[in-house]
Every structure is written in C-alpha cells, then in structure tokens.
Amino acid sequence: GAAGETVDRTVKANARTAIGGYFSYWLDTCGRGEIPDVTVRQRPANGTLAVQMHETTLGSDTRCPGMRVRGPIVVYTPNRGFRGADEAVVDVPVTSNDARAPTIRTYTYRIRVE
C-alpha cells in the first residue's frame with residue numbers, strides 16, 4: 001500500500017537544516033525497529049537534499065524516554081543566496097509486526113527559505 005503526507009518547513013537561507021527524521025521503535029516494548037531505507041523521489045529545484053544516519057535520545061514526552069534510537073534524517077541545504085519556496089519528496093517504507101510487505105509513505109516537504 002501507499003500513503004502520503006505533506007509537511008511544511010521553514011528554514012534559514014544559506015544554512016543546512018534537518019527537515020525530517022525517521023526513527024523506528026516499538027511503542028509497546030520500546031524495542032528497536034527496523035531502520036527504514038529512505039529514498040528521494042523528487043530533489044529540490046533550489047537546493048540539495050541528503051539522507052544521513054543520525055542517533056538521538058527520546059525525550060520525556062515519548063512513551064520510551066531515555067531510549068537511544070537510530071535512523072535516517074533528511075537534510076535540506078538551499079542554494080547560496082536563495083530565498084523563497086522549494087519542494088522535495090521522499091519515500092519511507094514502514095513495516096508492521098505482521099508478515100505483509102511494507103507500506104510506502106510518501107512525504108512531500110514544502111520548504112520556505114527565509
């Protein structure tokens with residue numbers, strides 16, 4: 001199956017900014033989930049997009065506070081001097097605990113560079 005979501009982000013001109021992250025863990029057990037293989041479907045017209053691995057600690061506002069999770073983040077860098085609107089699209093496979101194939105979630109990032 002496929003599902004989609006549009007995400008609005010505002011970033012600073014001439015700066016690299018993480019605009020999305022995909023960390024997988026099981027809410028009921030706080031066990032580590034499979035790290036998704038994020039792919040870029042559409043590159044931005046006015047900058048670059050990179051997918052890189054990142055590790056972070058979940059905060060107290062989560063069901064698993066203090067847990068270390070690892071996963072891909074999406075980093076956007078606008079072209080030097082660019083200000084205005086840009087857009088990028090990534091696909092993220094999401095697995096569940098049953099035997100079905102993963103669902104591909106498509107995230108469209110509408111980026112405002114200020």
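This is a chat about a predicted model of one protein chain.

Trainee: What should I know about the ground rules?
Mentor: The model is predicted, so local features need pLDDT of at least 70, side-chain atom pairs count only at pLDDT 80 or more, and totals for chains, interfaces and linings use all residues. Residues are numbered from 1 along each chain as its sequence is written, and side-chain values use heavy atoms, with hydrogens and water left out.

Trainee: What does the pLDDT average?
Mentor: The chain averages 92, and 95% of the residues score at least 70. pLDDT is the predictor's confidence in each residue, from 0 to 100.

Trainee: Which elements have the lowest and highest means?
Mentor: Strand 1 (residues 2-11) is lowest at 90, and strand 2 (residues 17-21) is highest at 97. Strands are DSSP runs (E, at least two residues), numbered from the N terminus.

Trainee: On to packing. Which residues have the most contacts inside the largest nonpolar core?
Mentor: I19, Y22, Y76, V90, Y109 and I111, in a core of 17 residues. Strand 1, strand 5 (68-78), strand 6 and strand 7 (103-113) each supply at least two. Strand 7 gives the largest share, four residues. A nonpolar core is a set of buried Ala, Val, Leu, Ile, Met, Phe, Trp, Tyr and Cys residues joined through side-chain atoms within 4.5 Å. Buried means under 20% relative accessible area, exposed over 50%, partly exposed in between (1.4 Å probe, protein chains only).

Trainee: And what is I111 in contact with?
Mentor: Beyond four places in sequence, its contacts (heavy atoms within 4.5 Å) are R9, V11, I19, Y76, G84, A85, D86 and A88.

Trainee: V113 next. Buried or exposed?
Mentor: V113 counts as buried because its relative accessible area is 2%. V113 lies in strand 7. Setting aside residues up to four places away, V113 touches V11, K12, A13, Y76, P78, F82, R83 and G84.

Trainee: Different topic. Where does N14 lie?
Mentor: In the loop between strand 1 and strand 2. N14 has a positive phi of about 60 degrees, though not a glycine. N14 counts as partly exposed because its relative accessibility is 39%.

Trainee: Where does C30 lie?
Mentor: In the loop between strand 2 and strand 3 (39-42). C30 also has a positive phi of about 60 degrees without being a glycine. C30 counts as partly exposed, at 28% relative accessibility.
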